[in-house]
Amino acid sequence: MTAIDEQEKTRIDLHGAFIRRTSLRRASLVRANFSRADCAWADFSESDLTEANLKDADFSNTILRGADLKNANLAGTILKGADLTGVSNLTPTQLSEAIIDETTKLPELVG
């Protein structure tokens with residue numbers, strides 16, 4: 001498979017979807033579109049969210065333990081109360097664009 005074929009792969013489009021309290025553990029969600037989706041209380045443990053679009057989505061109280069957030073768009077993503085313990089490839093820039101609070105569980109090392 002060439003790099004172009006890889007880029008043209010159809011991505012999962014969950015724009016505006018209501019998937020509260022859903023388990024998507026260990027799911028491959030590369031380049032998935034979750035913009036404006038309601039994913040509160042869902043479980044994304046160990047999922048691959050590389051290049052996923054989470055812009056303006058509600059991920060409050062969501063479990064993201066061990067998820068890969070490489071190049072994920074977190075602009076306006078609500079992460080209040082979310083568990084980001086052990087996430088990989090999360091940068092300070094990504095985190096600064098998200099909405100967090102004192103209940104958000106952040107990884108030990110960001111960057």
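**Rings, core and cavity**

Reply: F44 and F59 are both buried, where buried means under 20% relative accessible area, exposed over 50% and partly exposed in between (1.4 Å probe, protein chains only). This is a predicted model, in which local features need pLDDT of at least 70 and side-chain atom pairs count only at pLDDT 80 or more, while totals for chains, interfaces and linings use all residues. Residues are numbered from 1 along each chain as its sequence is written, and side-chain values use heavy atoms, with hydrogens and water left out.

Me: What share of the 111 residues of the protein chain counts as buried, and how many helices and strands are there?

Reply: The buried share is 41%. The chain has 2 helices and 0 strands, taken as DSSP runs numbered from the N terminus (helices: H or I, at least four residues; strands: E, at least two).

Me: How is an aromatic pair read, and how many are there?

Reply: A pair of aromatic rings is described by the distance of the centres and the angle of the planes. Rings of Phe, Tyr and Trp (its six-membered ring) pair if their centres lie within 6.5 Å; planes under 30 degrees apart are stacked, over 60 edge-to-face, and the rest tilted. The count here is 3 aromatic pairs. One of them, F34 with F59, is edge-to-face, at 6.1 Å centre to centre and 80 degrees between the planes. Both F34 and F59 lie in the loop between α1 (3-7) and α2 (92-97), so the pair ties together parts that are 25 residues apart in sequence.

Me: How are the rings of F44 and F59 placed?

Reply: Their centres are 5.1 Å apart and their planes at 35 degrees, so the pair is tilted. F44 and F59 lie in the loop between α1 and α2, so this pair ties together parts 15 residues apart in sequence. Ring pairs link F34, F44 and F59 into a cluster.

Me: Which residues touch the most other members of the largest nonpolar core?

Reply: A nonpolar core is a set of buried Ala, Val, Leu, Ile, Met, Phe, Trp, Tyr and Cys residues joined through side-chain atoms within 4.5 Å. Of the 27 residues in the largest one, those residues are F34, F44, L49, F59, L64 and L69.

Me: What lines the largest cavity?

Reply: Rolling a probe the size of a water molecule over the atoms shows where empty space is left. On a 1 Å grid over the protein atoms alone, a cavity is a set of points where a 1.4 Å probe fits but cannot get out; lining residues have an atom within 4 Å of a point. The lining consists of L54, F59, L64, L69, L74, L79 and L84.

Note on methods. On a 1 Å grid over the protein atoms alone, a cavity is a set of points where a 1.4 Å probe fits but cannot get out, and a pocket is an open set with protein on both sides within 12 Å along at least five of seven lines; lining residues have an atom within 4 Å of a point.
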